[in-house]
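Trainee: Could you show me how to read the way helices and strands pack in a model?

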Amino acid sequence: MFNSKITGLGYYVPENIVTNDDLSKIMDTNDAWIQERTGIKERRHVVKGDGDTTTSMGVKAAKIAIERAGIDKDDIDFIVFATLSPDYYFPGPGVLVQRDLGIKTVGALDVRNQCSGFVYGLSVADQFIKTGMYKNVLVIGSELHSHGLDMTTRGRGVSVIFGDGAGAAVLSRTEDNNTGILSTHLHSEGQHAEELALIAPGMGSRWVNDIIADNDPNDESYFPYMNGQFVFKNAVVRFSEVIIEGLKANNLQAQDINMLVPHQANLRISQFIQKKFGLQDDQVFNNIMKYGNTTAASIPIALTEAWEQGKLKSGDLVVLAAFGSGFTWGSAIIRW
């Protein structure tokens with residue numbers, strides 16, 4: 001049995017910075033209100049017409065990750081792309097990445113698990129490598145939220161939270177079973193699916209024809225909906241559970257964690273988890289203050305920044321954890 005090791009990381013965010021004060025000019029909100037509830041100070045938004053898409057941002061992050069992995073693009077055996085904001089309803093962005101990177105005709109898989117998408121994608125890649133099927137798998141998390149948000153006072157409870165960006169990782173085969181991804185742990189609880197959802201367009205409810213026919217300016221079904229308090233309460237419980245599950249599976253304790261990289265959903269959630277596990281500030285990496293919630297892109301962006309800043313050292317125990325729409329959640333336990 002092989003292990004999979006992260007050998008290259010990269011991220012990309014649009015240059016356009018949108019501050020809380022910027023948002024206060026187009027909706028009834030303010031910097032203090034947003035920071036108090038989310039910890040967010042600013043986020044990045046794509047500028048329409050500048051060429052940035054979910055796929056193109058993923059490609060930019062992937063190029064950096066591949067270069068840092070020290071391999072050629074044609075060494076990539078498989079692509080896993082996690083997103084809730086694909087360029088097209090179909091096909092998914094995985095095949096577009098394969099095309100735009102000029103990679104040979106390898107398989108490409110799209111993962112639709114929203115905030116936990118990158119952890120799910122990492123788990124899929126890990127299994128392919130551990131079974132010996134592939135040597136190098138490219139995993140991307142990329143999101144373009146800004147084009148699909150209700151940027152008015154009506155939508156402020158959701159729209160102030162999300163940002164655009166992409167992160168990528170190259171997983172490569174290693175024969176050292178004491179390094180790399182030690183285990184991954186995935187869960188779902190679909191009974192709460194509608195508590196954090198974007199209903200339309202969808203074949204089961206409101207499809208494009210319905211939206212066009214009704215032409216209802218008050219139809220909110222194609223904007224994201226979130227029951228914020230309910231999501232928060234579930235998130236803090238599931239975050240804790242799945243981290244503990246991962247530690248126990250590897251006979252580890254909370255004090256063994258060198259770096260926790262949580263999904264950047266809300267700074268208050270991260271702070272709650274940090275306190276629960278007795279971790280110091282330098283043991284938890286947060287960057288939601290700068291980028292907002294980039295869902296599937298948040299963990300790879302944060303992981304890349306942590307690595308770039310020298311916060312991840314060989315032998316460190318690194319824990320990734322995420323919770324989001326679905327509800328879905330998961331963790332990855334990594335020996336760096």
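Mentor: Start with a helix pair: α8 and α9 cross in the right-handed sense. The model is predicted.

Trainee: At what angle do the axes of α8 and α9 cross, and within what distance do they come?

Mentor: The axes of α8 (residues 228–249) and α9 (residues 267–277) cross at roughly 40° and come within 10 Å. Angles under 35 degrees would count as roughly parallel. The two helices are therefore oblique to each other.

Trainee: Which residues of α8 and α9 meet?

Mentor: From α8, the contact takes in F232, A235, V236, F239, S240, I243 and I244. Facing them in α9 are R268, I269, F272, I273, K276 and F277. By class, this contact has 10 nonpolar residues, one polar and two charged.

Trainee: Now the sheet. In what order do its strands lie?

Mentor: Read across the open sheet, the five strands run β1-β7-β6-β4-β5, with mixed pairing. β1 (3–12) and β5 (107–111) each have a single partner strand, so one side of each lacks a neighbour in the sheet. On average, neighbouring strands are turned by 20° against each other, direction ignored.

Trainee: In what sense do β6 and β7 pair, parallel or antiparallel?

Mentor: Antiparallel: eight bridges join β6 (residues 136–143) to β7 (residues 165–174). Within this pairing, L138 is opposite V170 of β7.

Trainee: Which strands do α3 and α4 lie across?

Mentor: α3 (residues 54–69) lies across β1, β4 (78–82), β6 and β7, at about 125° to β1. α4 (residues 93–101) lies across β4, β5 and β6, and runs at about 130° to β4.

Technical notes. Residues numbered from 1 in each chain as written. Predicted model: local features only at pLDDT ≥ 70, side-chain atom pairs only at ≥ 80, totals over all residues. Heavy atoms only, no water. Pairing = 2+ DSSP bridges. Helix = DSSP H or I, 4+ residues; strand = E, 2+ residues; numbered from the N terminus. Axes fitted to C-alpha atoms, helices over the stretch in contact; angles between N-to-C directions. Contact = heavy atoms within 4.5 Å. Parallel < 35°, antiparallel > 145°, perpendicular 65-115°, else oblique. Left-handed = near helix turned anticlockwise from the far one by under 90°. Nonpolar A, V, L, I, M, F, W, Y, C, P; charged D, E, K, R; others polar.
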